[in-house]
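Let's work through some charged side-chain pairs together. Have the model open as you go, and try each task before reading its solution.

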Amino acid sequence: VLLLEEESYGPLCVNRLLCPCCAATEYHLGLLKAKLAKYRAQLLEPSKSSAAKGEGFDVMKSGDARVALIGFPSVGKSTFLSLMTSTASEAASYEFTTLTCIPGVIEYKGANIQLLDLPGIIEGAAQGKGRGRQVIAVARTADVVIMMLDATKGEVQRALLEKELESVGIRLNKSKPNIYFKPKKGGGISFNSTVTLTQCSEKLVQLILHEYKIFNAEVLFREDCSPDEFIDVIVGNRVYMPCLYVYNKIDQISMEEVDRLARRPHSVVISCGMKLNLDYLLEKLWEYLALTCIYTKKRGQRPDFTDAIILRKGASVEHVCHRIHRSLASQFKYALVWGTSTKYSPQRVGLTHMMEHEDVIQIVKK
């Protein structure tokens with residue numbers, strides 16, 4: 001069953017849900033996908049009786065964001081950590097130099113970004129080979145994943161790593177499907193959609209739900225999603241996170257190959273050995289982390305540009321208040337904001353005003 005692929009059925013019609021042959025094939029494939037996802041989850045779930053003994057990779061979360069370095073052995077993860085942070089991680093020309101999780105801190109634009117150098121993972125890591133389960137478990141807690149790849153064999157490594165992370169429920173550079181799903185105690189399955197569906201139908205949704213022993217639920221599709229995405233919503237333990245594909249050792253390949261790799265989406269080319277393009281990688285990392293620096297100002301004094309408040313993009317004045325002190329929002333009267341988020345400087349704003357990068361705020365209490 002694991003070898004079954006959609007391609008084995010041949011090309012499907014454009015309106016495959018209307019064509020009787022293709023519709024039957026789609027329902028069959030949807031059912032098989034649901035069964036595969038269910039059985040794979042059972043296989044990958046470690047049994048309670050045979051719990052792994054030994055040292056874990058759990059590292060206390062610190063700083064404003066967490067970035068996990070994932071890659072095969074000897075691709076330059078430890079060298080990258082040593083270059084970017086003040087932490088010295090052992091690097092050598094043999095594989096599996098790093099055997100545990102080594103944290104470091106990148107100081108950039110006033111933010112402290114925790115960088116985790118994880119041991120190299122191998123094919124079959126999702127099943128627990130080479131302590132792969134612990135590595136992937138730490139990666140799930142990160143805000144951004146940096147997938148370090150060897151530029152000389154990047155395509156093969158990228159496909160294998162994506163497959164390993166996909167199988168344990170990590171979805172890279174994907175947004176959560178816009179599907180409302182709520183199990184109920186009775187009333188059967190209520191199915192609705194606000195858009196025209198080309199990949200799923202009511203019958204297929206019911207078959208997938210029945211496979212998971214769900215007979216009463218409310219389902220609303222707000223976008224045209226595939227059966228795989230609907231299964232992810234049912235399972236509910238998927239992690240959607242941004243990923244940056246970093247191709248190291250570009251000094252060993254041709255300029256044409258470097259250009260081709262650099263033009264791929266979500267990709268950055270670097271050389272740790274020759275310290276090439278590391279500043280651009282930091283810029284891209286900041287963009288993917290979506291962090292915002294907010295500076296504070298006291299009445300009658302100049303803004304304090306030495307100590308920034310780091311928040312997620314889309315933060316409001318209320319978030320700034322909570323970061324300064326939990327009781328400040330209840331005593332809030334108004335705020336004066338200087339920066340790109342205002343029409344004029346300073347602008348008097350309320351708690352719901354959305355802040356932007358490098359804005360300056362002065363809070364006035366009641």
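## Salt-bridge exercises

Arg264 is partly exposed, with a relative accessible area of 26%. Keep in mind that this is a predicted model.

**Exercise 1.** Find which side chain Arg264 meets in a salt bridge, and work out which parts of the chain the pair ties together.

*Solution.* Start with the contact: Arg264 pairs with Glu155, at 2.5 Å from N to O. This is within the 4 Å cut-off for a salt bridge. Arg264 sits in the loop between helix 7 (255–262) and strand 11 (267–269), while Glu155 belongs to helix 4 (residues 154–167), so the bridge joins parts 109 residues apart in sequence. Finally, check accessibility: Glu155 is partly exposed at 34%.

**Exercise 2.** Decide whether Lys284 and Glu287 are buried, partly exposed or exposed.

*Solution.* First, their side chains form a salt bridge of 3.9 Å, N to O. Both lie in helix 8 (residues 278–289), three residues apart, which means about one helical turn separates them. Now apply the cut-off: buried means under 20% relative accessible area. Lys284, at 16%, is therefore buried. Glu287, at 48%, counts as partly exposed.

**Exercise 3.** Starting from Glu166, trace the network of salt bridges that includes this residue.

*Solution.* Begin with the bridge from Glu166 to Lys174, whose closest N and O atoms are 3.6 Å apart. Glu166 is partly exposed at 33%, and Lys174 is partly exposed at 45%. Across the whole structure, a search finds twelve salt bridges.

Key:
Residues numbered from 1 in each chain as written. Predicted model: local features only at pLDDT ≥ 70, side-chain atom pairs only at ≥ 80, totals over all residues. Heavy atoms only, no water. Helix = DSSP H or I, 4+ residues; strand = E, 2+ residues; numbered from the N terminus. Buried < 20%, exposed > 50% of the residue type's maximum accessible area, 1.4 Å probe, protein only.
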